[in-house]
Amino acid sequence: MIASLEMIKGEYLPTIEKVVTQLMINQYAEASGDFNPIHVNEEYAKKSRFGSTIAHGMMIAASISELMTMIFKQAWLNGGRLKIRFRAPVFPGDTITTVGQILNINLLNDKKVINCSVEVRRQTNEVAISGEVTVMLNEKEECVETFVSGESVTIVLTVKANNAINNPTIGILIRDRLGNDIFGTNNYLMEYSSGFFNKGETKEVCYTMPLNLGVDIYSLTVALHTDATHIGESYDWVNSILVFNVIPSTQHFFSGYCRMEPYFSVKSLSENNLLQENKQHVMH
Amino acid sequence: MAVTVALNYSKLTPGKKILDQSYVLDNETIQKYIDAVGGNIPPSDETEALSLVPPMAIASLWLRGVIKELEIPGGTLHVGQELEFTQAARIGDRIECTATILQNTVRKDIRFMVVQLKVTNDVCQPIMQGKGTLTLPE
């Protein structure tokens, strides 16, 4: 299951939020060997211009790398670039939110180069870290298992026919973690022909769609058969060929499994409020 | 009686290598790091994910070496960082970290030091490179 081709300029990345504690700062000092008193000595830090201990910059920056790893996985670990400025201190007790936005997507040889702006913000909205990241993806796209709700994905199935077969039905089925069917379809139901498969021929079959699912863990089942369902002649059936996660998007959180994207409107049905309602429309 | 001589920062000229340190990425060190930052590599493949080291953990190891070698005084601030990851490292890997002074200037009573970072594995393949900017009180 692949994603990312549909990543578009201006799109916001998912966010990571965490609370920074003095315990975490002390643990980071242990792990990094950076015992600068501004981080770990409260008495010293009180007399400093910050008035309190502050978190290590690299400790806060770790959340940027965490976000990039979550989205781009190996592509980040094997070719990510990060350029950041530490702009404001983060204090114990602060809630930090790491955000990102796609600035550009360019093609370079066989690679897709994605530039994103990133920021780590305090709960006051003050920017603690700002910068840019660059990730290079193979143009053939990345096979991933974590998706943002609403993201466009392509399910790519490679089908090999051991014998000649005409117009087999090739289907997909997405189930929730409890095994309930969430969505399933096939080319028979969609009234598409898969064509004639010669003996030994291999074809690539793709289903591209917005992944309008709620946040959860799902599995993908694939099937090859005749007609509408596998009950007739079934050639192949693989349960849970892929287990994947759907994570929240930065826009319009919703509950449940289906991203329905309804249109919302309000109008008053009371005569007394008609004037007010008209005013509201003007404001819109 | 041991006499400690303070490092003379003005003598750290560009091109001077201040760190050439080897580390083994042991599970305990990396776990400490993960516990501190509260993050992890997502379990796309459980076995694979468990053995991968977060790249920022390696950067923090590099910084540890720089802090030690430069005898960083209180009041030092890390104001900027650039990193480029070339390949992932795994638990148990031995890495070589080097740090070289790129710039060392004093402006308005603040010393600006730009330090180049290079990390390779034990067969000299690059793992990451970059540069960090530190300000030290004069």
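Modeller: Before we start, a definition: two strands pair if DSSP finds at least two bridges between them. And keep in mind that this is a predicted model.

Biologist: Good to know. Which strand of chain B is joined to β3(A), and by how many bridges?

Modeller: Pairing takes at least two bridges. The strand in chain B covers residues 77-85 and runs antiparallel to β3(A). Together they reach the cut-off, since the strand is β2 of chain B and the count is five bridges.

Biologist: Let's zoom out to where the chains touch. Which element gives the largest share of chain A's side?

Modeller: In total, 37 residues of chain A are in contact with 36 residues of chain B. Elements of chain A that each supply at least two residues to that side include α1 (22-32), α4 (57-72) and β3 (81-86). The largest share, 10 residues, comes from α4(A).

Biologist: How many residues on that side of chain A are nonpolar?

Modeller: That side also holds 13 polar and nine charged residues. The nonpolar ones number 15.

Biologist: Last one: what percentage of chain A is buried?

Modeller: Chain A has six helices and 16 strands. Out of its 284 residues, the buried ones make up 30%.

Terms used: Residues are numbered from 1 along each chain as its sequence is written. Chains are lettered from A and ligands numbered from 1 in the order in which they are written. This is a predicted model: local features need pLDDT of at least 70, side-chain atom pairs count only at pLDDT 80 or more; totals for chains, interfaces and linings use all residues. Helices (H or I, at least four residues) and strands (E, at least two) are DSSP runs, numbered from the N terminus. A residue is buried if 20 or more other C-beta atoms lie within 10 Å of its own, exposed if 12 or fewer, and partly exposed in between; C-beta atoms are placed from the backbone. Two residues are in contact if their C-beta atoms, placed from the backbone, lie within 7 Å. Ala, Val, Leu, Ile, Met, Phe, Trp, Tyr, Cys and Pro count as nonpolar, Asp, Glu, Lys and Arg as charged, and the others, Gly among them, as polar.
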